[in-house]
Amino acid sequence: MDLKEKISKERVPEHVAIIMDGNGRWAKNHGEARVFGHMNGVNGVREALTGAGEIGVKYLTLYAFSTENWDRPMEEVSALMDLLVQTIVKEIDALEERKVRLMAIGDLTLLPEQCRKALEAAIERTKVNDRITLVLALSYSSRWEITKAVKQIAESVKAGNLNPEDINQETIHTYLETRDIPDPELVIRTSGEKRISNFLLWQIAYSELYFTQTLWPDFKKEHFFEAVIAYQNRERRFGKISEQITV
Ligand code: IPE
Ligand code: IPE
Ligand code: MG
């Protein structure tokens, strides 16, 4: 039986988020420069997106570049930005054809002009697609996002549009970058690292975490299916006890 058949159609996660890690180590293993790893990381993106689409996942968020990644050597940062533009330009038709809607979360104002423009054009062009939403977390970090939300909430209070007593979890949700996206049920991190690295801290409060040793450029849709199967075998209790859980 192939892996995909082991996935129960009833409990497919609506949103899967992936911390794509291990490009640098993959390149090193191949005796190449880090950039070569990033170039091959595009294969992982293709595989994850295909796997997600095949089983009916509605949102796939990929952590592509963190706020902290701006501190990497300049050559690596600019190679990553170039790669982003090239990949968008190259893949846009395929995204369109597969009815993929592209979105981005993060501080896009920090991206080089050309990069931001290519991204915005692709987002605009794919905005009516409804098969799956691919969310790129770019120049993103959760603490950046939460800080921005707090500032905007304070501004709303100051302007008299928001009463502090009325602030609840839903209010906070509406000030986050992910206001239109459900929380991920499953977070995958590749490369064996077991940390969150400033990714979706608010949104993953009750997500299931799945770690794999696979380095991102080696990631295949079967790895994606394995993660979903592991997720489906977990019991999500949300603070309750086992006997209270019906599904
Ligand atoms: C993930 O791979 C890609 C980005 C963070 C942009 P890394 O570049 O972090 O690869 P390792 O962790 O050094 O192997
Ligand atoms: C996390 O990977 C960010 C992305 C995957 C884009 P890193 O490789 O930058 O994470 P740390 O710094 O090792 O935790
Ligand atoms: Mg890394």
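## Contacts with ligand 1

An oxygen atom of ligand 1 lies 2.8 Å from an N or O atom in the side chain of Arg 34. The protein covers 87% of the 380 Å² of accessible area that ligand 1 has on its own. This is a predicted model.

The backbone takes part too. A polar backbone atom of Gly 24 is 2.9 Å from an oxygen atom of ligand 1. For Gly 22, a polar backbone atom is 3.3 Å from an oxygen atom of the ligand.

## The shell around the ligand

Which residues are around ligand 1? They are Met 20, Asp 21, Gly 22, Asn 23, Gly 24, Arg 25, Arg 34, His 38, Ala 64, Asn 69, Arg 72 and Leu 80. By class, the shell has 3 nonpolar, 5 polar and 4 charged residues.

α1 (23-29) and α2 (34-55) each supply at least two residues of the shell. The largest share, 3 residues, comes from α1.

## The pocket

Ligand 1 takes up the space of the largest pocket. The volume of this pocket is about 920 Å³. Its lining has 42 residues, and the closest to the pocket centre are Met 20, Asn 23, Tyr 63, Ala 64 and Phe 65. Two or more lining residues come from each of α1, α2, β2 (59-66), α3 (74-97) and β4 (132-140).

Which element gives the most to the lining of the largest pocket? α3 does, with 10 residues. The lining divides into 22 nonpolar, 9 polar and 11 charged residues.

How values were computed: Residues numbered from 1 in each chain as written. Chains lettered and ligands numbered in written order. Predicted model: local features only at pLDDT ≥ 70, side-chain atom pairs only at ≥ 80, totals over all residues. Heavy atoms only, no water. Near = heavy atom within 4 Å. Polar contact = N/O pair within 3.5 Å; in protein donor to acceptor, adjacent residues only side chain to side chain. Areas by Shrake-Rupley, 256 points an atom, 1.4 Å probe, with all protein chains shown as cover. 1 Å grid on protein atoms, 1.4 Å probe; cavity = no way out; pocket = protein on both sides within 12 Å on 5 of 7 lines; lining within 4 Å. Sits in = over half its atoms within 2 Å of the grid points. Helix = DSSP H or I, 4+ residues; strand = E, 2+ residues; numbered from the N terminus. Nonpolar A, V, L, I, M, F, W, Y, C, P; charged D, E, K, R; others polar. Points joined across faces, edges and corners; volume = space filled by probe spheres on them.
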